[in-house]
Amino acid sequence: NRLVEEYMLLANYLVAQRLVTHAKDRACLRRHPPPVMESMDKVAAVAKEAMNFNIDIASSQTLQESLMRLREECPDPLIMDCVTQMMTLPMQQAIYFAAGSEDPSEWRHFALNMPYYTHFTSPIRRYPDVIVHRLLQATLEGEEAVENYPQNSKQIQQVCEHCTEKQ
């Protein structure tokens, strides 16, 4: 299951990369803002007090490294699940957006520690995946297909906002 999950994350990342380079401002992406740091500080303090374990919340990478270290060092899977669950509480909602509507510095997906990301792997469950499939097809057909794509960046952004609201 973990291997399949890793491949799905990689597929989503690589499709996002293709859209960013070929569909440009029309790319339908998903960003995840950083968590509310004050709340993350509190969760890290609880882990320190309860288990004498330091969780580095300075960045998504150091947070992931801390949780991986905790997984290795923690003998009780229930405690690991509790800490992981507590770390999700300060997280903000992920947001769908058209690349042309956001500065590239805002594209980052915090939870996955990736510079950009999209949803591609579940077109039977999520409408953004359908948009991504259609855009990907256009990029594979060539520059003219992208230019003639029926929705511009602004229209894709409107759909993304609706999808974010409904998730």
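**Reading helices, strands and contacts**

User: Which residues of helix α5 are buried, and how should I read such a list?

Analyst: The buried residues of α5 are Pro 128, Asp 129, Val 130, Ile 131, Val 132, Leu 135, Leu 136, Ala 138 and Thr 139. Please keep in mind that this is a predicted model, and that buried here means a relative accessible area under 20%. As a general idea, an α-helix has 3.6 residues a turn, so residues three or four places apart point the same way. In this structure, the buried residues of α5 pack against α1 (2-22), β1, β2, α6 (143-147) and α7 (153-166).

User: How many residues does α5 have, and what span is expected of them?

Analyst: Helix α5 covers residues 127-141, which is 15 residues, and the distance from its first C-alpha to its last is 21 Å, close to the 21 Å expected at 1.5 Å a residue.

User: Turning to strands, which way do the residues of β1 point?

Analyst: The general idea is that in a regular strand the side chains alternate between the two faces of the sheet. In strand β1 (residues 28-31), Cys 28 and Arg 30 point one way, whereas Leu 29 and Arg 31 point the other way, and all are buried. Strand β1 is joined by 4 bridges to strand β2 (residues 95-98), and the two run antiparallel. Within β2, Ala 98 is the bridge partner of Cys 28.

User: How many disulfides are there, and how should I judge a pair of cysteines?

Analyst: The test is the distance between the two sulfur atoms, which must be within 2.5 Å; the count here comes to 0 disulfides. For Cys 74, the closest cysteine sulfur is in Cys 82, 9.5 Å away, which is too far for a bond. Cys 160 is likewise in no disulfide, the nearest cysteine sulfur being that of Cys 28, 3.6 Å away. As to accessibility, Cys 74 is buried with a relative accessible area of 14%, and Cys 160 is buried with a relative accessible area of 1%.

User: How many aromatic pairs are there, and where do their rings sit in the chain?

Analyst: One looks at the distance between ring centres and at the angle between ring planes, with planes under 30 degrees apart counting as stacked. The count comes to 2 aromatic pairs. Tyr 13 and Tyr 116 form a stacked pair, at 5.3 Å centre to centre and with 5° between the planes. This pair links distant parts of the chain, since Tyr 13 is in helix α1 and Tyr 116 is in the loop between β2 and α5, 103 residues apart. Tyr 116 counts as buried, at 15% relative accessibility. The rings of Phe 97 and Trp 107 have their centres 6.4 Å apart and their planes at 45°, so this pair is tilted. Phe 97 belongs to strand β2 and Trp 107 to the loop between β2 and α5, 10 residues apart. Phe 97 is buried with a relative accessible area of 0%, and Trp 107 is buried with a relative accessible area of 11%.

User: What pattern does the whole chain follow along the sequence?

Analyst: The protein chain has 7 helices and 2 strands, in the pattern α-β-α-α-α-β-α-α-α. Its C-alpha atoms fill a box of roughly 60 × 30 × 25 Å along the principal axes. Of the 167 residues in the protein chain, 42% are buried. Among contacts with a separation of 6 or more, 69% are between residues 24 or more positions apart.

Technical notes:
Residues are numbered from 1 along each chain as its sequence is written. This is a predicted model: local features need pLDDT of at least 70, side-chain atom pairs count only at pLDDT 80 or more; totals for chains, interfaces and linings use all residues. Side-chain values use heavy atoms; hydrogens and water are left out. Buried means under 20% relative accessible area, exposed over 50%, partly exposed in between (1.4 Å probe, protein chains only). Two strands pair if DSSP finds at least two bridges between them. The expected span of a helix is 1.5 Å times one less than its number of residues. Contact means heavy atoms within 4.5 Å. Rings of Phe, Tyr and Trp (its six-membered ring) pair if their centres lie within 6.5 Å; planes under 30 degrees apart count as stacked, over 60 as edge-to-face and the rest as tilted.
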